[in-house]
Amino acid sequence: MYNKTVIERFKNPKNAGGLRGANGIGKVGNAACGDIMKMYLLVNDEGIIEDARFKTFGCCAAIASTDVACDLVKGKTIDEALKVTNKQVFDILGDLPAHKIHCSVLAEESIRAAVEDYYKKKEKESKKLAKD
């Protein structure tokens, strides 16, 4: 069912766990399958993603997809991270069963959700500084 790459990412994810100091946290899910992905980003003052981690409740493909997505955004600017697609995740994993392709889509959505959260926090911070 799953190829070697997917199984390896599932068994030994490099980016699993929370991230202390994360300034962008995105959570997405798929009610139909029950997969829930939470991505943590640490973005520096220059807008570069220094680190990315995840917590995923889901199947083998969901965990592997989120792990790959973290690798794809590390070291990138926010704008570059927003260009990461589920196709890139899918291509790195090699192949996913047709009924599991939605996992790569969720991984892409988790990046977008974390970036959105980052921007909301930056806006809130800017407004607070303007008041002070």
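User: Which residues in helix 5 are buried?

Analyst: In helix 5, the buried ones are C103, S104, L106, A107, E108, S110, I111, A113, A114, V115, D117 and Y118. Buried means under 20% relative accessible area, exposed means over 50%, and partly exposed is in between, using a 1.4 Å probe and protein chains only. Keep in mind that this is a predicted model, where local features need pLDDT of at least 70, side-chain atom pairs count only at pLDDT 80 or more, and totals for chains, interfaces and linings use all residues. Residues are numbered from 1 along each chain as its sequence is written, and side-chain values use heavy atoms, with hydrogens and water left out.

User: What counts as a helix or a strand here?

Analyst: Both are DSSP runs, numbered from the N terminus: helices are H or I with at least four residues, and strands are E with at least two.

User: OK, how many residues does helix 5 have?

Analyst: Helix 5 covers residues 101–131, so to speak a run of 31 residues. From its first C-alpha to its last it reaches 46 Å, close to the 45 Å expected at 1.5 Å a residue. The expected span is 1.5 Å times one less than the number of residues.

User: And what covers the buried residues of helix 5?

Analyst: The cover includes strand 1 (24–30), strand 2 (35–43), helix 2 (60–73), helix 3 (78–81) and helix 4 (86–93).

User: Switching to helix 2. At what angle do the axes of helix 2 and helix 5 cross?

Analyst: Their axes cross at roughly 40 degrees and come within 8 Å. That makes helix 2 oblique to helix 5. Axes are lines fitted to C-alpha atoms, for helices over the stretch in contact, and angles run from 0 to 180 degrees between N-to-C directions. Under 35 degrees counts as roughly parallel, over 145 as roughly antiparallel, 65 to 115 as roughly perpendicular, and the rest as oblique.

User: Is that crossing left-handed or right-handed?

Analyst: The crossing of helix 2 and helix 5 is right-handed. Right-handed means the near helix is turned clockwise from the far one by less than a right angle, and left-handed means anticlockwise. On the helix 2 side, A61, A62, S65, T66, A69 and V73 make the contact, while helix 5 brings C103, S104, A107 and I111. By class, that is 7 nonpolar, 3 polar and no charged residues. Ala, Val, Leu, Ile, Met, Phe, Trp, Tyr, Cys and Pro count as nonpolar, Asp, Glu, Lys and Arg as charged, and the others, Gly among them, as polar.

User: How many residues of helix 2 are buried?

Analyst: 13 of its 14 residues are buried, so helix 2 is described as mostly covered. Helix 2 reaches 21 Å from its first C-alpha to its last, close to the 20 Å expected. Just after helix 2, G75 takes a positive phi of about 80 degrees.

User: A61 came up. What is A61 in contact with?

Analyst: Leaving aside neighbours within four places in sequence, A61 is in contact with Y2, V6, L96, K100 and C103. A61 is found in helix 2, and its relative accessible area is 0%, so A61 is buried.

User: What about helix 1 and helix 2, what angle do they pack at?

Analyst: Helix 1 (residues 4–11) packs on helix 2 at about 85 degrees, with their axes 8 Å apart. That makes helix 1 roughly perpendicular to helix 2. V6, I7, R9 and F10 in helix 1 meet C60, A61, I63, A64, D67, V68 and D71 in helix 2. This contact has 8 nonpolar, no polar and 3 charged residues.

User: Last one: which residues of helix 4 meet helix 5?

Analyst: N86, V89 and F90 in helix 4 meet I101, S104, V105 and E108 in helix 5. By class, there are 4 nonpolar, 2 polar and 1 charged residues. The axes of helix 4 and helix 5 come within 8 Å and cross at roughly 125 degrees, and the crossing is right-handed.

Notes. Contact = heavy atoms within 4.5 Å.
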